[in-house]
Amino acid sequence: MRVGIKTTLTLLSLIFSLALAAIVILLVVREHEAQYRKNVEVNLRALSDNTSEDLVNLLAVEVDIVELTSLLLRFDPYENIVVAFVFDQNNQLIQPYVGQLGQSDPDIYEALLAEASDMTERSSSLGDIVIENTPIGSYGYSLGRLVVIADVSNVLRASRKSLLKATLPIAIVMTLVVWLLFSWLLGRQFAPVLTLTSFTRKVTENRDYSSVFNVKGNNEVSVLAKSINKMIERISVELDNNLAKTQQLSKQQRAMERLANFDSLTGLPNRQYVMEHLKAELARAKRSKGDVVAMFFDLDGFKSINDSMGHEIGDRVLAGVADRLTGMLREGDVLARLGGDEFILVPHNVVDDSAYIQVARKIIQAMEEPFLQNGLDLKVGVSIGISRAAQANFELSDLISYADIAMYVSKSAGKGKFTLFHPRMVEGHKRKLDIANSILTAIVENQFYMEYQAKVDGKCKIVGFEALIRWRHPSLGFVSPAEFIPIAEQGGKVPDITLWVIQQVFKDIPTLIKKFGRSTRVSLNLSAIDLKNKKLFDVIGSCSERYAINPKNVEFEVTESAYLDNFNETNHFFQALSERGFSVALDDFGTGFSSLSYLTQIQINTLKIDRQFVQNMEDNPRSMLVTRSIIDLAKRLNLKICAEGIETQSQFETLITEGSDTLQGYLFSKPVPLEQACALPICIELEPSTISLS
Ligand code: C2E
Ligand code: MG
Ligand code: MG
């Protein structure tokens, strides 16, 4: 039980008042007793003196005992007189008087007699026993002594009793009055504290920090109340601040959740979100023995739009794709952007083949309509891969990779297609994995080797070679660079391959120069990944020093998409290479849908017209027209032209006529190992009519 200060103080005050009253009464009683005793002694002495005077007459003559006894009987009315002794001048007891008190105890009599006999002083006391020793007769004529012994205890007790009877009720009443007064005053003083306490309790319970305690007066409680008011005000301000901060935090949290789960460009859920969603869906489907469908898709032709039109337009197209697809969604479908131009759709409750096939068709159809950007109709297609949870044993990573595999099958089948995953497709994927995993071993175990394909001038004189990597895999057999370079790019193995190629080609260059002359130029292919490798420039520099290579004999080929992918840095890199004397060629020109305007800004020496152009040129007048324009443009920009993929005499003749500087193709030589390349004649002789392209 909680005992409040007020109760404690009230109780203490009661105890204190009672104690005080008791002390006062005690002191009064003691004082009264002292006075009373004095009074009794004075009276006793007066009685003794009177009696002693009367005894003079009796003792002066022959003592008449009867008379003496009757004289002593005058003590009878004094109840407190225990005994009285009359001694003669020889201190012989003449006559005793025994009062009522003395009669009750004979032992006392003897003791008092002994005391009285020996007594010389005028008066003495033994506790409550008062003894008066009065001489009988005058000084020099002593007739004896009268000793009167009284016990004052009874009278004192009686007087104390009557005193207490008279004063105690008043004292008690006074004490109670004082105490009540004190309690009342205490109550008054404590009232504001109690109101303040209930106020603070109310504020705490209701959390209403706008309330203010009404302060009155200027005492300690008012000061406390003012402090409490200030404290509540402070709490209220702090609460407001906290609220504002909490709101801001939750806003930031929501924004962060959005950032973490949604793609800022398209507003679609991102990889993280969809993976979580799929995880939950897979668990649910596994429990209920249901199924989940993942539709993975990648845009066709988006990269070229990005490369040629710039990232800004590319981003707008992506946002347009997202909008268009979102418009087709049904409730519960989740469409997410995984990154780049990859999306995934998890249709809600679509497990029936015909249903998701229909969805896939609708997506492909939706992409057929071009996206209008900057006044241009931009076309992107979509390749879709579809996998089902049951096929992937409800494993998320398998579900995704199966959809990915199926999507690649769609891509290779000619884009704008959808493919349902089939386990046999894993085999193809396995090859991809095998290739990716054995690239480093291939370098260590020398499975790579270089082949050189001649480049000729208009007179079929060999002016250079393109170095092309080859791989004879111990179990997979011959693997084309067209297959393993993209895999190496994905697996981050390109820098190792490029280093190996540079070292190998630089080692071979002196042999080729020896045969084909000082001006022979050997081209090496670089991938988009190489252009992002900050160490490549130093690698080229140190290798050319180690193998004493003159940069004039070296050309680097890079595809236009790789160049544009990382335009500024690539420009910087090639400028640095040009300053050291190396040449740069733009490979496969014409395959990307590039705008030609960037040609004026880039650091290249040669344009290599792609094989597809060369091959279509004769059948397709538009290809011819484009080829002619490219050559014309290159000439104006002071660039050299190399046409690749020349397989026929007429292609050769046409391109020479159009102004191509160098030519490359099976017509002159297939890519061959160094030894065979060195065995080629300096000038290739062409058959005038039929040319075998075995
Ligand atoms: P590319 O740089 O455009 O190389 C030309 C490709 O066309 C070579 O294919 C070559 O064998 C082939 N070719 C040349 N003339 C003709 C012809 O008249 N008819 C036909 N049908 N084909 C012809 P290859 O060697 O399979 O190389 C494919 C691609 O692999 C190359 O295209 C290049 O991009 C890449 N590559 C080759 N070697 C390397 C390398 O060392 N490093 C890098 N990063 N990429 C390389
Ligand atoms: Mg090339
Ligand atoms: Mg090429």
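1. The model is predicted. On that basis, β14 is the element that gives the most to the shell around ligand 1, with four residues.

2. The shell holds 24 residues, and the closest to ligand 1 are Arg470, Asn525, Asp587, Glu647 and Tyr666. At least two shell residues each come from β14 (462–473), α13 (481–491), β16 (521–526) and β18 (583–589). By class, ten residues of the shell are nonpolar, eight are charged and six are polar.

3. For Arg611, a side-chain N or O atom lies 3.0 Å from an oxygen atom of the ligand. Glu644 places a polar side-chain atom 3.5 Å from a ligand oxygen. On its own, ligand 1 has 790 Å² of accessible area, of which the protein covers 85%.

4. The largest nonpolar core has 80 residues, and Leu586 and Leu607 touch the most other members. Helix α14 (residues 494–516) contributes the largest share of this core, eleven residues. Another core, of 29 residues, lies apart from it and includes Phe343, Val350, Ala360 and Val382. In soluble globular proteins, nonpolar side chains tend to be buried together.

5. Which residues does leucine 607 touch, not counting those up to four places away in sequence? The contacts of Leu607 are Leu586, Phe589, Leu599, Ile630, Ala634, Leu639, Lys640, Ile641 and Cys642.

Methods. Residues numbered from 1 in each chain as written. Chains lettered and ligands numbered in written order. Predicted model: local features only at pLDDT ≥ 70, side-chain atom pairs only at ≥ 80, totals over all residues. Heavy atoms only, no water. Core = buried A, V, L, I, M, F, W, Y, C linked by side-chain atoms within 4.5 Å. Buried < 20%, exposed > 50% of the residue type's maximum accessible area, 1.4 Å probe, protein only. Contact = heavy atoms within 4.5 Å. Near = heavy atom within 4 Å. Polar contact = N/O pair within 3.5 Å; in protein donor to acceptor, adjacent residues only side chain to side chain. Areas by Shrake-Rupley, 256 points an atom, 1.4 Å probe, with all protein chains shown as cover. Nonpolar A, V, L, I, M, F, W, Y, C, P; charged D, E, K, R; others polar.
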